[in-house]
Amino acid sequence: MTALDCDVLVIGGGIVGMSTAYAITRAAPGTRVTVLEKEAGPARHQTGRNSGVIHSGIYYRPGSLKARFAVRGAAEMVKFCAEHGIPHEVTGKLIVATERSELPRLHGLVQRGRENGIPVRELGPAQIAEYEPWVRGLAAIHVGTTGVCDFGAVTARLARLAQDAGASVRYGAQVRTIGRRPSAVAVRTADGTVLRARALVNCAGLHCDHVARLAGDDPGMRIVPFRGEYYELAPSRASLVNGLVYPVPDPAFPFLGVHLTRGIDGGVHIGPNAVPALAREGYAWRTVRPQELVGTLAYPGSWRIARRHWRYGAGELRRSLSKRAFTDAVRRLLPDVTADDLIAAPAGVRAQAVLPDGTLVDDFLISQSPRIVHVLNAPSPAATASLPIGREVARRVLETLRTESRG
């Protein structure tokens, strides 16, 4: 039998992949782990291009993986940052209703928060002003466990901890082919290197469905990329926002709407909206990858989303193409803002799993096949929940190794 290079190969060097590698080394010291990341460093995509919010878990269906992992993960993330000297702050946040039609949904979030074990305080207009003097709304809730941190720094620290425990991290290692044998999984990277392992973990984020198909598995979904575009407040206007301010989300979508986030650097990010991206890594309208775009357009689920949610999509597209329209969305929460106060900031792309019937996968999605664990849907709040997600993936892959050893 050909010698194996390691026990577990992890594809993807974002926060979920690095958390998985870290969790494996903690749960089973001596397990040989290799992380393959196609970029020159960690956290170059979803992890490093979000708003840096440590989510409380208030939005998610009680009992779901998102609810359980976000609530647990938020507390663990704050503790991890404190222990390792990573910039963070527990700021709390407001979720603000600006129209009467939103009040029932706001009350529903209060109930959901309580079901998920999250402390929630209901506020009237005067109490909103105590937290955020420049924000206007009919009612709000305050969620005290929400915070902000530097998820890129968290990912780099997880990588270092995994390496200190014996793991190997290879950057610039794009996986091109995956081969499976009864006793091993082999991958070939773009430079021709072949690595063999007893098991493989797919944490490829924006490319996770492609990696699943490379392995010969039908993921049963497709990643449809949505670009989230951000602005930031001009420094002279940053005092308009003290902490985190969110609108009441539409329950039909996994997107939270344009919100205000004072980051750990003191700057205030505003966004994101959510528009279809023209490439998996399409951070600007000019970034088009024809093969990826054709794949998205040929997928039945994409058209079914468009037919079902065209009104919502048209509004998001309008805010993408018109700074004035984006400003109007912000002014619902922050009336004193003008278009001149907004400065364009780097965008992110959300890897959203979509089923063939057009359903947006709402929960984290982890699947398994012989010797492989696939993380197929891990958008927000995956960064918040990354430590428990990593442990769950580690548990599954280590059980695979134990089953093989018994066999």
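# Questions on helix contacts, cores and loops

Analyst: Helix 1 and helix 5 make a left-handed crossing in this model, which is predicted.

User: Why are helix 1 and helix 5 called roughly parallel to each other?

Analyst: The axes of the two helices cross at roughly 30°. An angle under 35 degrees counts as roughly parallel, so helix 1 and helix 5 are placed in that class. Their axes come within 8 Å.

User: Which residues of helix 1 and helix 5 meet?

Analyst: From helix 1 there are I15, M18, S19, A21, Y22 and T25. Their partners in helix 5 are F151, V154, T155, L158, A159, L161 and A162. Sorted by class, this contact holds ten nonpolar and three polar residues, with no charged ones.

User: Why are helix 9 and helix 10 called roughly perpendicular?

Analyst: Helix 9 covers residues 310-321 and helix 10 covers residues 323-331, and their axes cross at roughly 115°. The range from 65 to 115 degrees counts as roughly perpendicular, therefore the pair gets that name. The axes come within 5 Å, and the crossing is left-handed.

User: What makes the contact between helix 9 and helix 10?

Analyst: Helix 9 supplies R318, R319 and L321, while helix 10 supplies K323, A325, F326 and A329. Four of these residues are nonpolar, none is polar and three are charged.

User: Which residues have the most contacts inside the largest nonpolar core?

Analyst: They are I15, M77, V154, L158, I389 and V397, in a core of 46 residues. To belong to such a core, a residue must be buried and joined to others through side-chain atoms within 4.5 Å. Among the elements that give two or more residues to this core are helix 1 (15-27), helix 2 (65-84), helix 5 (151-164) and helix 11 (386-406). Strands contribute as well, including strand 1 (6-11) and strand 20 (372-377). There is also a second, separate core of 28 residues, with I178, A204, A215 and L376 among its members.

User: What does L158 touch?

Analyst: Leaving out residues up to four places away in sequence, L158 touches I15, M18, S19, Y22, F80 and L387.

User: How do you know whether A82 is buried or exposed?

Analyst: A82 is in helix 2 and has a relative accessibility of 52%. Exposed means over 50%, so A82 counts as exposed.

User: Why is S51 called buried?

Analyst: The relative accessible area of S51 is 17%. Buried means under 20%, and therefore S51 is classed as buried. S51 sits in the loop between strand 2 and strand 3. Apart from its neighbours within four places in sequence, S51 is in contact with Y230, H259 and T261.

User: How do you know that G243 is buried?

Analyst: G243 has a relative accessible area of 6%. G243 touches E132, L260, T261 and R262, not counting residues up to four places away in sequence. The C-alpha atoms of G243 and T261 are separated by 6.3 Å, although the two residues are 18 residues apart along the chain.

User: What is the phi of A43, and what is the phi of R371?

Analyst: Phi of A43 is near 60°, which is positive in a residue other than glycine. R371, also not a glycine, has a positive phi near 70°. A43 lies in the loop between strand 2 and strand 3, and R371 in the loop between strand 19 (365-369) and strand 20.

User: Why are A43 and R371 called buried?

Analyst: The relative accessible area is 10% for A43 and 14% for R371. Buried means under 20%, so the label applies to A43 and to R371.

User: Where are cis peptide bonds found?

Analyst: One joins G271 and P272, with omega about 0°. Another joins S380 and P381, with omega about 10°. P272 is in the loop between strand 16 (268-271) and strand 17 (275-276), and P381 is in the loop between strand 20 and helix 11.

Notes
Residues numbered from 1 in each chain as written. Predicted model: local features only at pLDDT ≥ 70, side-chain atom pairs only at ≥ 80, totals over all residues. Heavy atoms only, no water. Axes fitted to C-alpha atoms, helices over the stretch in contact; angles between N-to-C directions. Helix = DSSP H or I, 4+ residues; strand = E, 2+ residues; numbered from the N terminus. Parallel < 35°, antiparallel > 145°, perpendicular 65-115°, else oblique. Left-handed = near helix turned anticlockwise from the far one by under 90°. Contact = heavy atoms within 4.5 Å. Nonpolar A, V, L, I, M, F, W, Y, C, P; charged D, E, K, R; others polar. Buried < 20%, exposed > 50% of the residue type's maximum accessible area, 1.4 Å probe, protein only.
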